[in-house]
Each structure stands twice: as structure tokens, then as C-alpha cells.
Amino acid sequence: MHLPRSLWLSLWGLCALGIMPGALAFDVDVRVDGVEGELRDNVESLLAIRQAARQGESRPHILERLHKRAKDDIQQALQPYGYYSPTVRSEFEIGETSATAAYRIEPGPRTRIRRIQIDIRGGGEADAELQAEIDKLPLTEDQPLLHSQYRAAKERLIRSAFARGYFDVGYETAQIRVHRDDRYADIRLVLNTGPRYEVGEIRIVQDELDDDVIRRYLPIASGDPFSPDALLDTQFQLMELGYFSRVDVSPERDEAEDARMPIRIEPRYLPSQRYAAGVGFGTDTGARVSLETDFRHINKRGHSIESDIRVSQRGADVGGSYNIPLGNIPGESLSFNTRYEREEFEDGDSESYIIGASLARQPGDWKRRTYLEYSTERFSVGDLRRTTNLLVPGISFERKEFDNEAYPRNGWSVFLDTHGAAEPALSSTTFAQSRVALRGVLSLDAKSRLLGRFEYGASFVDSFERLPLSERFYAGGDRSVRGYAFRSLGEFDDDGNVIGGEYLTSMSVEVDRLIWGNWGVAAFMDAGGAGNIAFPELSRGVGLGLRYRSPVGSIRVDLAHPLDKDRLVRLHIGIGISL
């Protein structure tokens, strides 16, 4: 049949306008009442007629069919929350341009858990720690039945078994038996762990260090019960050695035999040499430049050489150390060092040559350093000129617990040191000295911190005049009492020169707050002093500061007012960890 050209054009026009028969706008309104929150969300997501309406379905026979199955959809949506006997009242009307489906839901009484029976079979049956995990599952008798908690309990028990080396773990039985009429449910789980795997052969794939150098740091050994957490511990332990940029520790599952899992360790080495140069400024030091070198491993035993050169307007510090790793804890070492130090300040100067050896150990959470140093120091203060020789044995302890080294928000640290010299033993004078330093930081809110510091030192000396400047206590400066010049607080000689003291007390309280990005402000109060009495008179300073949080720590610009002097303010600039 041939239609006139004008009729064809009319039909195409109707199609373009969207008003052809079957393309008329059709509105489907689906209403759900009687439930709220998660229940409502789950019902709406599983209600097929609602999903069809959202996709534009308008064919009456499809909508009627979906309406008839709506009660089943609603029951399925409510069951995960323990509602197995809901009452659903429904209405459905359809016209030429619209349809309405309404569902009034009464969830009914909630099903509760009557009995929980969980059994572990296989190697895990005698594993007390795995058995103890059953009591930690989010399931208890007489609680409402929640399928999400049931699934979480199953997954948690599987993960716990896997973490303890049961790689063949699986459920023989996993059932929820629901008694609808009595509104209770019984849960039955039977977990078969299979055998517990052991650590098999440990293969270290590298050739730059002797194999035993790396092996002595491994927290795992062949025959140990296998644990994924132990592999992470191994990775972290080896990374702390400072030799590697990356360490891959992986089980070789395909090669496991007789429940023994081979482990492959493949470290990737950092460059054997590191060089770092820097420039900076601090009000205590003036302008400064630095150069550091680190030969990370100069032989197959992992020995290293470190050196640093620091030159500033007020002094110089040049040193180097040869380090031999010891023990099985990263950081434990025997070191031989030498250092040259020169320092100039307002009322004096000193120049020192030092050689020594130190033994670093870490018993538990504390780092212990035992050392022996021999030094020659030429110093002057006021009219006093002296040269001293000291053979100094000493020991220090340190512990840090910070959540972030560069910019801590919570944590604390303790440092203790005791050392001395005796005149008969290659020394120009006899003295003993102890110092303790406490630091802490506490997060006040997402952007604010409270920082605190306390330091105390005491010297016991035959002749204070013969005590070199490096062993005298001073206060004042960026990291002591702001508002006062560097090393400007201490005892005075007859000419008014600051000569230091036998005792030191220093403390500080500061609040800082980020205000925009990495920029922040601070308010602080410092107090401290040095003298020849056990508790020296304290000088105090208060002020405000600007902070910038950088990758190397906090850049600090402070204006401090000394409360015990006529000077209005003093500028302090520093870079580093703000404790």
C-alpha cells in the first residue's frame, strides 16, 4: 500500500514530537509506607516494580505482573533484618497515562537468635587462640537476627584462621534455620581449617650483602607457624636497616608441600652512596650550609661510613663515623667516630677535637648508647683561656612514642644521659654530669596542638673554671628560652661575661593551630636558667609565632618578649621538629 507523501511527513512529525501511539508520556508512582531507614532503602532497592518505573516501563501487563510479585520482593528485602512474617497491604491502579502502586508494610515481630553452635575442626580444633575468636564474633543468643552480622561473623572467623596459617580453611556447614511461627532462628557453623602451615625454606634473592647479615634480622624462621602478619613484620624490619628502597616478602604457595610454605625475600637496594647539601638560617647559628655523605654499605658485612660538614656564621661542625651493625635489631651497632667542633658566641668561643667509640643497643622500647670519648678543647670566656683534655665514658637512654616524626600530633619522648671524667684518667679535671629532657605533644582538635618541654641538668665538678664550655650549661635561644639571645643566661664573671653554670632548668608550653593549608600560628611561654645552684633563677619569655608545616618539620618564625628585660621583642627563626 502506498501512502500519500503528505501523510508520511505527518507521521514523521509525530515521531519527532514524541506523541506517536505508545510514546505518550506515562507516569508510574510507587509508594512504600510503614518502614523507614535501612528497611525502607532495602525494600525500595529490591522492589522490581519501582526499578522498572525508574527505567520508564509503561506497558500495563508488565507493571501488573511486577505488582503481583511485589509481596515476594518485600519479604525478601525484610528477611536480612530478621522480619520473616510481614503483612503487606497493596493497591494498584492503572490508567491511560499513569499508574499507581502503593504498599503499606507492617514488618511484624522480629526473629531472634535462639541457639548458636560453632565448631572448629581440623588443625584449628586444638588452637586455643583461634577457638577464642568464637567469643569475639558479633553474634549472641537472644539478639535480633541480622544477616549482615551473620556474614560478618563467618568472614571474621575465616580471616582469623587464615591469619594463623590455615590456608585450606573452609566451611563444611553454614546454616541459618528460621522457625517462622515461633520467630526464632538457630545458627550452625562448622569450620574445617585443614592443617596449619609452617614456614618452609626462606630464600633471600640478592648478592650485595652476605646472606647471614640479612638473616639475623629476620623475625621468622623455618618451622615457625606461618602468619601473614609475620611477613609484614619481616618487611618492616628489613626496611629499617637503611639498605633497601623496597623489600618483597611473599609466600610461594605453588611450591608448598606437607603444609610447609616456602618464603621468598627479594630486597631492592638503595644507591650505595647518598649525598645531601643544604642551606639555612637560624637566629642561634646565623646563615649555615651543610653537606652530608652516607656510604650505606661499603662491604658485604653491611658496614657503613657517614660524614657531615656544617658551617655557620657562628661555628663549624665536621664529623664522621664508621658503623658496624651488630645484633638482630636494626640500629644496633658499634661505631667509631671523630669530630671537630668550633663555636663562637657573645662572651666566648671554643674549639674541640674528639675521637670516640659507641655501642648502640635497644633493649625493649629504649635505645641505649654506651660511649667513650677523648677530647681536647681550647676555650675562652672573658679573660679565661684554657685547654682541657677529657676521657669521658657515658651512657644515654632514649625513648620516643610519636605518631609522626616530622609533625607529631600526639606522643612523648624521654632522653637521659650521664657521663663524666676523672683527673687521674687522662683528664684535666674531675666531673660528673646528668641531664634529662622530657617532651610531649597532645592534639586538642583537628587543627590545634599543645606542646610541652622540660629539661634539667646537673654537674658535680671539682673546679668549675677548668670545666670546658662544652660541658657547661647555658640557657636562652630558639630551643631554650625565647626572648633571650643564644647562651645569654647563666652565671656572670666579674666583668659581666656569661660563663654558664653547673645546673640547668628549662621549660616551655606552646599552643599552635593551623589556619590555612600548612600555615599556622602559635602562642608560647618559655622559662629557664643556668647557674651554680641546684634550681637556678628562671628567666621568662612569652610571644607569638608563625608556623609553616614542611616535609622536614615545622618552619618557625617567633617574636618573643623577655619578661625580665627592658627589650621589647626578639626575633627567632628555626627549622625542624617543633618539640
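## Arginine 449 in strand β20

R449 belongs to strand β20, which spans residues 448-461; helices (H or I, at least four residues) and strands (E, at least two) are DSSP runs, numbered from the N terminus. This is a predicted model, in which local features need pLDDT of at least 70, side-chain atom pairs count only at pLDDT 80 or more, and totals for chains, interfaces and linings use all residues. Residues are numbered from 1 along each chain as its sequence is written, and side-chain values use heavy atoms, with hydrogens and water left out.

R449 is buried, with a relative accessibility of 0%. Buried means under 20% relative accessible area, exposed over 50%, and partly exposed in between (1.4 Å probe, protein chains only). The side chain of R449 reaches the backbone oxygen of P408 at 2.5 Å. With the side chain of D512, that of R449 forms a polar contact of 2.6 Å. A polar contact is a pair of N or O atoms within 3.5 Å; within protein, one must be able to donate a hydrogen and the other to accept it, and residues adjacent in sequence count only if both atoms are side-chain atoms.

## The two sides of helix α4

In helix α4 (residues 60-68), the buried residues are I62, L63, L66 and H67. They lie on the same side of α4 because they cover an arc of only 135° around the axis, the arc being that of the directions from the helix axis to the C-beta atoms. H61, R65 and K68 are exposed on the other side of α4.

## Aspartate 210

D210 is located in the loop between β7 (198-204) and α8 (211-215), and is partly exposed at 24% relative accessible area.
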